Amino acid sequence: MQPLRRPSEYSTDIKERHPEKHVTLLHSRQQLLPTFVKAMHDEIVSTLDDLHIDTILGDRLDLASVREGKTVTTPDGRKERVVRTVSGREIRAELIVSYTITFLHRRHHVFSPASLHRPGAKYRAPCRSCP
């Protein structure tokens with residue numbers, strides 16, 4: 001069984017592999033790894049800051065904004081998605097990784113801009129540790 005990976009690990013992995021990319025971690029809780037001591041949270045946030053990863057805590061992705069499919073074109077011609085958090089903050093993204101942990105299993109979805117341009121279309125990444 002593959003060990004459970006946390007959203008902060010995916011964020012750092014993406015940033016280390018693609019340092020030129022802007023990475024944002026959106027987390028619904030005010031503390032990362034809330035079952036651990038706050039010092040661990042502080043260390044993770046410090047590492048995210050060192051890697052220039054934006055961290056938004058205590059907010060969630062507004063899924064209606066994902067379905068809207070709003071895009072912008074950057075000065076270099078790339079298309080970026082524009083999504084909102086529940087509080088109304090806009091985030092621009094080339095790639096959205098939605099990660100949910102439930103009590104008995106985990107699952108995560110990877111949405112590419114191309115797949116999200118078509119209403120209702122999405123790609124579900126396989127969960128190697130789920131049956």
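In which helix does S11 lie? S11 lies in helix α1, which covers residues 7-17. The close-up views described below come from a predicted model, in which local features need pLDDT of at least 70, side-chain atom pairs count only at pLDDT 80 or more, and totals for chains, interfaces and linings use all residues. Residues are numbered from 1 along each chain as its sequence is written, and side-chain values use heavy atoms, with hydrogens and water left out.

**View 1. The protein chain as a whole.** The protein chain holds four helices and seven strands (DSSP runs numbered from the N terminus: helices are H or I with at least four residues, strands E with at least two). Along the sequence, these elements follow the pattern α-β-α-β-α-β-β-β-β-β-α. Of the 131 residues, 31% count as buried (buried means under 20% relative accessible area, exposed over 50%, partly exposed in between, with a 1.4 Å probe and protein chains only). Among contacts with a separation of 6 or more, 43% are between residues 24 or more positions apart (a contact means heavy atoms within 4.5 Å).

View 2. Apart from neighbours within four places in sequence, S11 is in contact with V23, L25, L48 and I53.

**View 3. A patch of negative charge on the surface.** The patch gathers E43, D49, D50 and D54. Residues in such a patch have over 30% relative accessible area and no salt bridge; like charges are joined within 9 Å, and nonpolar side chains (Val, Leu, Ile, Met, Phe, Trp, Tyr) within 5 Å. Asp and Glu count as negative and Lys and Arg as positive, while His and the chain ends are not counted; a charge is placed at CG of Asp, CD of Glu, NZ of Lys or CZ of Arg. Helix α2, residues 38-50, gives the most to this patch, with three residues. D50 is in helix α2, and D50 counts as exposed because its relative accessibility is 59%.

View 4. Most residues other than glycine have a negative phi. Phi of L33 is near 50°, a positive value in a residue other than glycine. L33 belongs to the loop between β1 (24-27) and α2; with 16% relative accessibility, L33 counts as buried. H52 also has a positive phi, near 60°. H52 is found in the loop between α2 and β2 (54-57), and counts as exposed at 61% relative accessibility.

**View 5. A nonpolar patch on the surface.** I14, L95 and V97 form this patch, and together they have about 220 Å² of accessible area. L95 sits in the loop between β5 (90-93) and β6 (96-101). L95 has a relative accessible area of 44%, so it is partly exposed.

**View 6. The salt bridge of E94 and K21.** Nine salt bridges are found in a search of the whole structure (a side-chain nitrogen of Lys or Arg within 4 Å of a carboxyl oxygen of Asp or Glu). In the bridge of E94 with K21, the closest N and O atoms are 3.0 Å apart. The pair links distant parts of the chain, 73 residues apart: E94 is in the loop between β5 and β6, and K21 in the loop between α1 and β1. E94 is partly exposed at 29% relative accessibility, and K21 is partly exposed at 28%.

**View 7. The salt bridge of D62 and R84.** The side chains of D62 and R84 meet in a salt bridge, 3.5 Å from N to O. Again the pair links distant parts of the chain, 22 residues apart, with D62 in the loop between β2 and α3 (63-68) and R84 in strand β4, residues 79-84. D62 counts as partly exposed at 22% relative accessibility, as does R84 at 24%.

View 8. D76 forms a salt bridge with R78, and the closest N and O atoms are 3.1 Å apart. D76 is exposed at 56% relative accessibility, whereas R78 is partly exposed at 31%. Salt bridges with shared partners join K21, D76, R78, E80, R92 and E94 into one network.

Key:
Accessible areas come from the Shrake-Rupley method with a 1.4 Å probe; for residues, only the protein chains shown count as cover.
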